[in-house]
Amino acid sequence: MRVSWITTDKKVQSVVEYGKVPGKYEASATGESTSYHYFFYTSGEIHHVRIGPLEPSTTYYYKCGSSGPEFSFRTPPLAFPIEFAVAGDLGQTEWTASTLAHIGAKDYDIFLLPGDLSYADTQQPLWDSFGRLVEPYASTRPWMVTEGNHEIETFPIIYPHGFKAYNSRWQMPYEESGSKSNLYYSFDVAGAHIIMLGSYTDFDVKSDQYKWLQHDLASVDRSKTPWVFALIHAAWYNSNLAHKGEGESMRKAIEQILYNARVDLVFAGHVHAYERFTRVYDNKADQCGPMHVTIGDGGNREGLAMTFENPSPSISLYREPSFGHGRLRILNNTHAHWSWHRNNDTNAAMADEIWLESLGSYTMCKGTTSSKIANDEL
């Protein structure tokens with residue numbers, strides 16, 4: 001587990017003490033710290049410390065920098081069942097607070113965020129306020145994120161490459177997965193392989209991301225990780241008029257690789273509404289393709305994307321312009337349950353649900369394997 005926190009005191013050591021009993025720390029780990037400048041803004045000291053090895057399904061108590069409050073988190077399980085909470089485009093609104101409260105009210109193992117975190121949009125203090133907003137949740141469960149368009153924060157000549165705050169603050173395990181960039185990576189948990197793709201870095205056939213994805217999927221062993229799913233920001237399938245077609249170039253470049261690997265699910269953000277598609281490939285229903293879900297309805301400050309195409313395309317099975325979050329509970333090697341929970345005044349109401357069967361267990365979909373991907377694509 002990587003623990004990240006920020007201090008105003010530059011002299012605080014990048015040390016995390018931790019143990020299984022409150023106030024009793026059996027182990028400690030030392031990491032590193034960094035800071036960044038953005039025009040007239042200077043960040044606090046950003047600490048990143050890797051701790052472990054840790055036992056699965058275990059609550060650990062920890063203290064950062066040898067001072068301050070004690071936190072606790074629970075590690076994910078080693079095997080199924082496992083539950084993921086999913087919400088994109090969070091921002092810092094009352095709807096964000098409602099979404100997070102609904103997520104936190106029911107237990108889960110890992111939080112997945114397909115881009116658009118703080119909506120700082122170059123106003124760097126908003127990154128700090130976002131950290132304070134999510135700390136009660138991000139300190140207790142692993143948060144795995146990928147970037148959205150609001151993380152880019154480029155400025156001509158001065159900051160041409162973007163993602164300065166995002167890469168400094170939200171360090172993901174990209175090196176561990178063989179990636180050259182914090183903007184795309186993968187990880188395994190329980191029996192699932194999760195691919196976090198970058199919609200706002202190069203993805204054409206000559207790009208590092210494309211080559212990395214080929215290699216990553218070719219190394220997947222469905223006997224060890226029978227479930228495979230991916231997160232992107234800009235949706236490849238979208239019947240909302242908002243951001244229509246913005247994910248098309250990435251879809252054309254990468255969709256076939258995911259299809260050949262029999263990826264089960266693709267989660268997207270960007271569109272501020274909920275939409276669930278059938279299993280699909282190349283704009284047509286395909287029982288061996290992934291199910292696409294748009295879940296960019298976490299909160300944000302821009303409002304909901306209210307207008308959908310009419311009539312609804314046949315591949316779109318459920319769509320609604322409401323704030324909410326999703327939950328993916330994988331029960332075993334073959335079956336999982338997906339549900340979407342709409343925000344309301346007090347409780348999160350389940351508005352959509354579906355049972356899924358892993359494509360790795362579909363006899364009719366086993367014609368394309370990881371080895372074929374390696375031979376055909378690499």
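## A quick tour of the predicted model

An unreviewed UniProt entry annotates residues 1–75 as "domain: Purple acid phosphatase N-terminal". Please keep in mind as you browse that this is a predicted model. Below are a histidine, a helix pair and a few backbone features to look up in the structure.

- You will find His48 in strand E7, which covers residues 45–50.
- His48 has a relative accessible area of 5%, under the 20% cut-off, and therefore counts as buried.
- The side chains of His48 and Ser4 make a polar contact at 2.6 Å.
- A polar atom of the His48 side chain also lies 2.9 Å from the backbone oxygen of Ser168.
- Beyond its neighbours within four places in sequence, His48 is in contact with Arg2, Val3, Ser4, Gly31, Glu32, Ser168, Arg169 and Gln171.

**Helices H1 and H2**

- Helix H1 (residues 94–105) and helix H2 (residues 125–138) have axes that come within 10 Å and cross at roughly 10°.
- Because that angle is under 35 degrees, H1 is described as roughly parallel to H2.
- On the H1 side, the contact is made by Thr96, Leu100, Ala101 and Gly104, while H2 contributes Leu133, Val134 and Tyr137.
- Sorted by type, the residues of this contact of H1 with H2 are five nonpolar, two polar and no charged.

**Two cis peptide bonds**

- Gly52 and Pro53 are joined by a cis peptide bond, with omega near 5°. Pro53 sits in the loop between E7 and strand E8 (59–64).
- The peptide bond between Phe80 and Pro81 is cis, with omega about 5°. Pro81 belongs to the loop between strand E9 (70–74) and strand E10 (82–86).

- Asp89 is a residue other than glycine with a positive phi, near 55°. Asp89 lies in the loop between E10 and H1, and its relative accessible area of 0% makes it buried.
- Asn300, which is not a glycine, has a positive phi of about 50°. Look for Asn300 in the loop between strand E19 (291–295) and strand E20 (316–320). Its relative accessibility is 2%, so Asn300 counts as buried.

Key: Residues are numbered from 1 along each chain as its sequence is written. This is a predicted model: local features need pLDDT of at least 70, side-chain atom pairs count only at pLDDT 80 or more; totals for chains, interfaces and linings use all residues. Side-chain values use heavy atoms; hydrogens and water are left out. Helices (H or I, at least four residues) and strands (E, at least two) are DSSP runs, numbered from the N terminus. Buried means under 20% relative accessible area, exposed over 50%, partly exposed in between (1.4 Å probe, protein chains only). A polar contact is a pair of N or O atoms within 3.5 Å; within protein, one must be able to donate a hydrogen and the other to accept it, and residues adjacent in sequence count only if both atoms are side-chain atoms. Contact means heavy atoms within 4.5 Å. UniProt positions are given in the numbering used here, feature names are shortened, and annotations may be inferred rather than shown by experiment. Axes are lines fitted to C-alpha atoms, for helices over the stretch in contact, and angles run from 0 to 180 degrees between N-to-C directions. Angles under 35 degrees count as roughly parallel, over 145 as roughly antiparallel, 65 to 115 as roughly perpendicular and the rest as oblique. Ala, Val, Leu, Ile, Met, Phe, Trp, Tyr, Cys and Pro count as nonpolar, Asp, Glu, Lys and Arg as charged, and the others, Gly among them, as polar.
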